[in-house]
Amino acid sequence: MSRSPLLPTDESPKQSPVSVIMPTFCQRPEWLRLAVLSVLGQSHVPRELIVVTAPGEKNLGLLINWQGDLGHECTGLEGESHVPWLKILEAPAPSVHGQWAYGMQRATGSMLTKCDSDDFLLPGKLELEVGMLDRNEDMHVSYTGFFYCDEGLHPGGRFGLESYIPGALVRACVISEGAVIRTDLWKQVGWLDTTFGYAAYWDAVLKMTERVPDGVAYDSVPTWLYRQHGSQVSSKELQMEKHQNLRLQVVKNHFDRIGKKMPDLTISVGPTRMRDV
């Protein structure tokens, strides 16, 4: 019987070519540490985890301590006595999306993905998503399902599509937030346009699908936990008309670029469709 990539393994971890970007600013220390540990606990360890902070980060001392403590735990790769897997950068931009863009442009992996500092990756996420790209060079973006969770990471529902539906990306930006994406494709679309706020990632992914419409791989199996709470950036922005209009503008721009009239859509600015756990 083959081992599920979602379960931990006793085998020595394999190296993955992906850089994981984790934007954070004064996150709850226990949530931040769990997020970091979920990256460390991957069946295929990433090339690097880049934690991007903002000026005034109150957890900086903890991060520096974890960098030393956890770095020594991340061993076992053949020929490596120590893996410098955790890097800490301070971005001049105070926004989450600004931090994300700052970290991506300084990453060294051939693939990139994001793990927010309040979320949690299941052990086989990188192995599964990177594997989808490794098996097919024509694929450039891979993403999977996820669980919606409360503050205590108790699942309340799961995101799921029967299969990849391009139109779903037009309706909701949350769908592919945790995707693994080839770095070269990020460079082609020009990274993130942070003028769109939290919808900057949505804008970038739509540009990617315009370039490689057949280059998106999707597996409905949930591989990460999306923590929902009142202080998250997306929750705050959704309450502001300005950011709802930015989301709508992202979709309008997409249809302008592909030369089609925008249909009468109800743009989802809340949680996407969930299934019972």
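Nine of the twelve residues of helix 7 are buried, so this helix is largely enclosed by the rest of the structure; buried here means under 20% relative accessible area with a 1.4 Å probe, protein chains only. The buried residues are A200, Y201, W202, D203, A204, V205, L206, M208 and T209.

This is a predicted model, in which local features need pLDDT of at least 70 and side-chain atom pairs count only at pLDDT 80 or more, whereas totals for chains, interfaces and linings use all residues. Residues are numbered from 1 along each chain as its sequence is written, and side-chain values use heavy atoms, with hydrogens and water left out.

Helices are DSSP runs of H or I with at least four residues, and strands are runs of E with at least two, numbered from the N terminus. The expected span of a helix is 1.5 Å times one less than its number of residues, and the end C-alpha distances agree with it for helix 7 and for helix 9.

The charged end of R106 sits over the ring of Y102, 3.5 Å from its centre, and that of K114 sits over the ring of W100, 4.6 Å from its centre; the criterion is NZ of Lys or CZ of Arg within 6 Å of the ring centre and within 35 degrees of the ring normal.

Conventions
Buried means under 20% relative accessible area, exposed over 50%, partly exposed in between (1.4 Å probe, protein chains only).
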